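Student: Could you help me learn to read side-chain contacts in a model like this one? I would like to begin with the charged pairs and then turn to the rings.

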Amino acid sequence: MQPPRYPRDMTGHGPNPPDPAWPGGARVAVQFVINYEEGGENNILHGDPASEAFLSDIAGAQPWPGQRHWNMESIYEYGARAGFWRLHRLFTGAGIPVTVYGVATALARSPLQVEAMQNAGWEIASHGLKWVEHRDMPEDEERAAITDAIRLHTEVTGTRPRGWYTGRCSMNTLRLVAEEGGFDYVSDTYDDDLPYWRAVGARDQLVIPYTLEANDMRFATAPGYVTGDQFFTYLRDAFDVLRAEGHEGRPAMMTVGLHCRLAGRPGKLAGVQRFIDHIRQFDDVWCPRRIDIARHWAAHHPPAPRAARPSAMDRDTFVARFGGVFEHSPWVAERAYELELGPAHDSAAGLHNALARAFRAASQDARRAVLRAHPDLAGKLASAKRLTAESTGEQTSAGLDALTDAERARFTELNTAYTARHGFPFIIAVRDHDKASILAAFERRLANDTATEFAEACTQVERIARLRLEEML
């Protein structure tokens, strides 16, 4: 198998996501993350080339190459000195456990805070070695930084991290973390309301998506929040929609992202407090740590057995597998293979779209040849048992293998008249019909002009292909 030629997955769980079966019948899981980055940010004291410029209350901040930025440093220090403890009091007082995304070097510089996290029963996941940008980091360097983050995290906390979130990541981050092999989940995505499994080499890695919108970082970006009440309103509305969807049979997960130097400020914290007060009114809400979600998902929704994916097949395998979907016309599969196939084409709907595109883009003569490749319904090939396995099953499903003599004579008469009139056999997706409705359609369509029937026959060929793919996939 080869990687999909277009790797992005636009399908995910699709229109019918799984019921997560949250504990206690909860309709929504609300998970709080506290990002602990203070002491791990860019700083020439940490060996970095410039000061920090990201996610602070300094509007329009820029890195200062080769210099310390006293104001920026003191804002980050506020997060460790005051903001953390305010958040700690809020969540321990509410009895809500949180996940900490802990930058390893920041944790190493904050032993009192680490002890408080552990005494509260909070999960401390890894937030990387340093709170720096990884987008241009060479792969070997990033892999080494992941290893160093795990080592330092283990030294500081006593146990290795089971969850990971880099945040300022590269295109390699998720793969490198999965390849490390020791993480119960990775959160460097924002692409779903539920966890999912991602195949990385031989490993099935659980991904628990994070959020950048239900996140106090919007206090430091434009457009963003100005008051705690704006933050509360957004969180409340998101929760109310997700809870309502949960009661409609689509329970989901909501993540709230917080930072000690942001949400730890009194005016911003007020919005978080109001949101906690709001969700505590309901008894169908689960407030877990991320590691609890990971364990629950692994127990209730383990990764499915791996199957050959159309988008990852080589050309010969793809054509051999799907060359007969359009009757005796492997060229349709050959041309579909040349399209930009990706994970979205690994379902019956997705692959059918690719095959239908190849069919529709072909000349009228090529499409007419596909029509002529189809057998007459209940005709001579069926009597001689020379149909393809697919056509045999389809005709059998509609009872066309058990016609009376009178019915067979009528089908023969109609077949002859239709083919003589239009130049191709009568085609209908028989799995959508029974014997009587097929006969009625035959008699109704016989009088149509050839252009109308050509278009209808092509539509029916595509429908037959879709039904075949649903059986195959």
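Student: Which side chains meet in a salt bridge at 3.6 Å, N to O?

Tutor: A salt bridge here is a side-chain nitrogen of Lys or Arg within 4 Å of a carboxyl oxygen of Asp or Glu. In this predicted model, local features need pLDDT of at least 70, side-chain atom pairs count only at pLDDT 80 or more, and totals for chains, interfaces and linings use all residues. Residues are numbered from 1 along each chain as its sequence is written, and side-chain values use heavy atoms, with hydrogens and water left out. Your pair is R135 and D136.

Student: Are R135 and D136 buried or exposed?

Tutor: Buried means under 20% relative accessible area, exposed means over 50%, and partly exposed is in between (1.4 Å probe, protein chains only). R135 and D136 are both exposed.

Student: How many salt bridges does the structure hold?

Tutor: There are 31. Among them is the bridge between R250 and E248, at 2.8 Å from N to O. E248 counts as exposed because its relative accessibility is 54%, while R250, at 36%, counts as partly exposed. D292 and R289 form another bridge, at 2.9 Å, and D292 is partly exposed, with 21% relative accessibility. Salt bridges can also share partners: E139, D140, R143, R175 and E179 are joined that way into one network.

Student: Now the rings, please. How many aromatic pairs are there?

Tutor: Rings of Phe, Tyr and Trp (its six-membered ring) pair if their centres lie within 6.5 Å; planes under 30 degrees apart count as stacked, over 60 as edge-to-face and the rest as tilted. The structure holds 26 such pairs. One of them is W22 with W297, a tilted pair with 6.2 Å between centres and 50 degrees between the planes. This pair links distant parts of the chain, 275 residues apart. Both tryptophans, W22 and W297, are buried. F219 and Y225 make an edge-to-face pair, 5.6 Å centre to centre with 65 degrees between the planes.

Student: Why does F219 count as buried?

Tutor: Because its relative accessible area is 11%. Y225 is buried as well, at 11%.

Student: Which residue lies over the face of Y225?

Tutor: A charge sits over a ring if NZ of Lys or CZ of Arg is within 6 Å of the ring centre and within 35 degrees of the ring normal. For Y225 the residue is R218, at 5.7 Å from the ring centre. Likewise, R160 has its charged end over the ring of F183, 4.6 Å from the centre.

Definitions and conventions: Helix = DSSP H or I, 4+ residues; strand = E, 2+ residues; numbered from the N terminus.
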